[in-house]
Amino acid sequence: MASAAEQFASSINFSALSKAHELKKRLWFTLGALIIYRLGTYIPIPGIDPNILDDIFSQNAGGILGMFNMLAGGALGRMTIFALNIMPYISASIIMQLMTTVSPHLAQLKKEGETGRKKINQYTRYGTVLLSALQGYGIAVGLEGMAGSQGSAVIEPGYFFRFTTVITLVGGTIFLMWLGEQITARGVGNGISLIIFSGIIAELPSALAGTLELGRTGAMSAFFIIFIMVMVVVVITFIVFMERAQRRILVQYPKRQMGNRMFGGESSHLPLKLNTAGVIPPIFASSILLLPITVAGFNAGQGPEWLTLVTSYLAHGQPLYMFLYISGIVFFCFFYTAVVFNPADTADNLKKYGGFIPGIRPGKNTAEYLDHVLTRLTVVGAIYLAVVCLLPEILISHYAVPFYFGGTSLLIVVTVTMDTVAQIQAHLLAHQYEGLIKKAKLRGRR
């Protein structure tokens with residue numbers, strides 16, 4: 001994480017930060033909100049035996065539980081009020097984005113500006129409550145069926161335990177959804193991303209201590225630990241480079257004469273990111289593949305024979321697992337990119353405002369050209385995500401490296417850091433402009 005920290009320090013003018021009082025208030029608000037979130041990850045839901053739960057969770061940490069526990073900042077492993085974290089809200093948001101491409105009503109709402117956006121956000125909140133209730137009930141039933149060497153994880157199973165668990169988990173998710181929106185509105189950065197980011201960062205020291213403990217006991221050589229640290233720095237540098245990469249398409253606007261004056265004629269750029277899909281593809285691909293492993297782990301070998309066979313082929317490090325993991329990343333890269341960027345709409349907007357790409361006719365030809373460029377960029381972006389996620393996956397499967405050093409966690413940490421730094425720089429720049437405007441007004445009065 002050293003290079004990310006150095007980039008953060010070098011990108012911010014701390015002398016200007018000391019004068020930007022509004023920005024300092026936003027930073028303190030963000031810090032306070034994240035502290036409240038971290039405190040909530042240690043408040044357990046009622047009716048759980050923590051010792052037995054820890055024993056059960058350690059046996060199933062290699063499946064989907066391990067990855068979601070990483071995204072939840074350890075709250076799922078401790079089965080706290082924030083065990084679901086913000087994942088139901090993210091799932092509901094993705095579902096709504098997918099529905100806008102299918103439902104004409106939602107597609108029309110998306111085009112209505114601020115009013116339509118508020119309506120879609122309202123539907124997203126309803127979806128979050130529904131998903132968190134379903135997942136909360138599934139967790140409650142799953143906890144009742146879990147048993148370790150010391151007995152059942154639930155002290156008093158029954159409908160009352162299920163009801164209290166669902167209410168607690170739904171309430172925790174709704175509170176985190178509200179907290180994330182408050183951070184976005186009154187703090188710095190994207191609140192939802194910062195909640196996931198802070199959870200991963202908070203668990204990094206324990207993951208690092210566990211890795212060093214493996215070296216102390218001889219389970220992992222000192223040379224290999226150094227190699228892991230160097231690899232983390234190299235991967236972070238590579239992620240920063242690739243996340244900043246973009247294709248800038250020149251857009252020209254024609255000159256127009258109004259009276260005796262000539263307007264327009266300027267040019268701008270349409271930036272297309274190399275990785276438009278972000279961290280969604282590896283999260284979705286790994287979730288789907290790790291589901292059979294987790295189900296088989298809960299059944300403890302008592303499930304059907306075909307499930308055991310599928311689990312053996314989809315184990316970490318197996319060729320079939322690696323192939324399906326890469327295929328899932330590539331598929332979701334193209335699928336999610338098609339959802340978030342519509343070449344036809346972009347071409348129509350350019351044509352509406354008189355913009356055109358030199359050498360390309362407006363309208364259909366512009367849409368085809370943008371689609372062609374975006375397809376080539378997505379191919380490179382999919383290869384980049386596959387490489388970043390596959391290399392740590394090999395280390396996790398063969399050398400028991402913690403999830404926190406995996407590709408998905410590094411992607412989240414680096415991208416959220418870059419986004420937060422960019423927003424801080426924007427606030428500082430706005431503060432400098434405000435200072436210049438005030439000085440100009442004072443000189444004008446003199």
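The protein chain holds 18 helices and 6 strands. Helices (H or I, at least four residues) and strands (E, at least two) are DSSP runs, numbered from the N terminus. The model is predicted: local features need pLDDT of at least 70, side-chain atom pairs count only at pLDDT 80 or more, and totals for chains, interfaces and linings use all residues. Residues are numbered from 1 along each chain as its sequence is written, and side-chain values use heavy atoms, with hydrogens and water left out.

Of the 446 residues of the chain, 43% count as buried. Buried means under 20% relative accessible area, exposed over 50%, and partly exposed in between (1.4 Å probe, protein chains only). The accessible surface of the chain comes to about 23,700 Å². Carbon and sulfur atoms account for 65% of that surface. Accessible areas come from the Shrake-Rupley method with a 1.4 Å probe; for residues, only the protein chains shown count as cover.

The largest nonpolar core has 84 residues. Such a core is a set of buried Ala, Val, Leu, Ile, Met, Phe, Trp, Tyr and Cys residues joined through side-chain atoms within 4.5 Å. Met-79, Ile-86, Leu-143, Ile-239 and Leu-411 have the most contacts inside the core. Leu-411 touches Ile-239, Glu-243, Val-279, Pro-282, Tyr-384, Leu-385, Val-388 and Cys-389, not counting residues up to four places away in sequence.

Ile-196 lies in helix α11 (residues 191–217). Ile-196 counts as buried because its relative accessible area is 8%. Thr-100 belongs to helix α7 (residues 87–100). With a relative accessible area of 10%, Thr-100 is also buried. Leaving aside residues up to four places away in sequence, Thr-100 touches Leu-106, Ala-107, Lys-110 and Ile-120.

A nonpolar patch on the surface is formed by Phe-238, Val-330, Phe-334, Val-379, Val-380, Ile-383 and Val-387. Together they have about 530 Å² of accessible area. Helices α15 (319–340) and α17 (364–399) each give two or more residues to the patch. The largest share, 4 residues, comes from α17. Patch residues have over 30% relative accessible area and no salt bridge; like charges are joined within 9 Å, nonpolar side chains (Val, Leu, Ile, Met, Phe, Trp, Tyr) within 5 Å. A salt bridge is a side-chain nitrogen of Lys or Arg within 4 Å of a carboxyl oxygen of Asp or Glu. Val-387 lies in helix α17 and, at 47% relative accessibility, counts as partly exposed.

Conventions. Contact means heavy atoms within 4.5 Å.
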